[in-house]
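This briefing goes through the model shown below, topic by topic.

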2 protein chains.
Amino acid sequence: MLKLTKKADYGLMALKYLAEHPETAALSAKDISEAYGIPAQLLAKILQQLTRSGLLKSHAGMNGGYALAREARAISAYEVIHAIDGPFFITSCTKGANGCELTPSCTIKEPLARVNDTIAGVLKSISIQDLAEHEHPHGSGPDTNVLISLTLQ
Amino acid sequence: MLKLTKKADYGLMALKYLAEHPETAALSAKDISEAYGIPAQLLAKILQQLTRSGLLKSHAGMNGGYALAREARAISAYEVIHAIDGPFFITSCTKGANGCELTPSCTIKEPLARVNDTIAGVLKSISIQDLAEHEHPHGSGPDTNVLISLTLQ
DNA sequence: CTTAATAAGGACTGAAGCAGTCGGATATCC
DNA sequence: GGATATCCGACTGCTTCAGTCCTTATTAAG
């Protein structure tokens, strides 16, 4: 139904939280889970995934935790979602790999692939920094204005 | 994972097929299901949903079937998806109705709501006619060029 | 060196949604 | 009345998601 999983939501929230606390060397999964009321063990697994994907750096042991692997401006929402939920396709019949079982009857996937690319483009244009800045009430920072051109046919 | 259900896919395919056969008064669920290799009874339920939503007109009895309730140009992909899959929200925590259980800790939904609106805008800008025209190899019809402006903050 | 805090990761469960089927009821045309 | 349709509720199998449990490895502090 065109919905992000909760895991992706949690992941975005966690990265946003990290971006908002740049002064601290690292924050533990417990810290973040308590800040948002997210199940700690679930969030831990998400953060581990993000670490494997190179978006976070982790440090075990006391005073360990997680920190952004790059600056918040250089991490896009797309990367986070992709790392957690895997590659997404708006159509159930993916165009790549094994292809669509209905091929060639499914004549709809090609136009929708463009929609897919458009959505991906939007998500790529949004950084964790954008999410973090948005927190602060109003009037700060320049607008992030994104223009997308979708051409059918 | 940001994916349309197969039902929505089937619905789009069916409406596209109807748009490609404007000469016939009505096409039965069986006709369409055979054209695409879709389970007939499943497609029937989908077409019934689209009828209830006012996108199709149905006619029982012999030589009955379904026809577009409006011209193909006036039916958007968004309407089809919405009729079948219901209202979609990219975030698991919907902003409306019961709200987010995590409120106010979930500070991410507001920026993503804009993304949601953008996606909806893209889907609203694509008509069944666009999908049907795309079928014909190339060079026909004007490009459908859509500009979307997404403003964060 | 011991202990506590932390990440890492596999296995499992319950719940929900999706895809598809079955059976029957109603409407329409011949 | 029979053939062809739509209409609609109930049901099943399957997959995925959300979350938990348990164990192991790593690191810093005392």
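In this predicted model, DNA strand D is surrounded by 27 residues, and the closest of them are Thr5(A), Lys6(A), Pro39(A), Gly61(A) and Ser58(B). Around DNA strand C there are 28 residues, of which Ser58(A), Thr5(B), Lys6(B), Pro39(B) and Gly61(B) come nearest.

**Surface near DNA strand D**

- On the side of chain A, the elements that give two or more residues to this surface are helix 1 (6-20) and helix 3 (40-52), while on the side of chain B they are helix 2 (29-36), helix 3 (40-52) and strand 2 (65-68).
- Helix 3 of chain B provides the largest share of the surface near DNA strand D, namely five residues.
- Sorted by class, the surface near DNA strand D holds 10 nonpolar, 12 polar and five charged residues.

**Surface near DNA strand C**

- Of the 28 residues around DNA strand C, two or more come from each of helix 2 (29-36), helix 3 and strand 2 (65-68) of chain A, and likewise from each of helix 1 (6-20) and helix 3 of chain B.
- The element that gives the most to the surface near DNA strand C is helix 3 of chain A, with six residues.
- The class division for the surface near DNA strand C is 11 nonpolar, 12 polar and five charged residues.

**Packing between the two chains**

- Helix 5 (residues 109-124) of chain A packs against helix 5 (residues 109-124) of chain B at an angle of about 160 degrees, and their axes are 10 Å apart.
- Because angles over 145 degrees count as roughly antiparallel, helix 5 of chain A is described as roughly antiparallel to helix 5 of chain B.
- The crossing of these two helices is right-handed, and the residues that make the contact are Val115(A), Thr118(A), Ile119(A), Val122(A) and Leu123(A) from chain A, with Val115(B), Thr118(B), Ile119(B), Val122(B) and Leu123(B) from chain B.
- By class, the contact of helix 5 of chain A with helix 5 of chain B consists of eight nonpolar and two polar residues, with no charged residues.

**Packing within chain B**

- Helix 4 (residues 77-85) and helix 5 of chain B pack at an angle of about 115 degrees with their axes 6 Å apart, which means that helix 4 of chain B is roughly perpendicular to helix 5 of chain B.
- Ala77(B), Tyr78(B) and Ile81(B) of helix 4 meet Ala120(B), Leu123(B) and Lys124(B) of helix 5 in this contact, whose residues divide into five nonpolar, no polar and one charged.
- Helix 1 and helix 4 of chain B pack at an angle of about 135 degrees, with their axes 9 Å apart, and these two helices are therefore oblique to each other.
- Helix 1 of chain B passes helix 4 of chain B in a right-handed crossing, with Lys7(B), Ala8(B), Gly11(B), Leu12(B) and Leu15(B) of helix 1 in contact with Ala77(B), Val80(B), Ile81(B), Ile84(B) and Asp85(B) of helix 4.
- The residues of the contact between helix 1 and helix 4 of chain B comprise seven nonpolar, one polar and two charged.

**Make-up of chain A**

- Chain A has six helices and three strands, which follow one another from the N terminus in the order α-α-α-β-β-α-α-α-β.
- Of the 153 residues in chain A, 35% are buried.
- Among the contacts in chain A with a separation of 6 or more, 65% are accounted for by residues 24 or more positions apart.

Note on methods:
Residues numbered from 1 in each chain as written. Chains lettered and ligands numbered in written order. Predicted model: local features only at pLDDT ≥ 70, side-chain atom pairs only at ≥ 80, totals over all residues. Axes fitted to C-alpha atoms, helices over the stretch in contact; angles between N-to-C directions. Helix = DSSP H or I, 4+ residues; strand = E, 2+ residues; numbered from the N terminus. Parallel < 35°, antiparallel > 145°, perpendicular 65-115°, else oblique. Left-handed = near helix turned anticlockwise from the far one by under 90°. Contact = placed C-beta atoms within 7 Å. Nonpolar A, V, L, I, M, F, W, Y, C, P; charged D, E, K, R; others polar. Near = placed C-beta within 6 Å. Buried ≥ 20, exposed ≤ 12 C-beta atoms within 10 Å, placed from the backbone.
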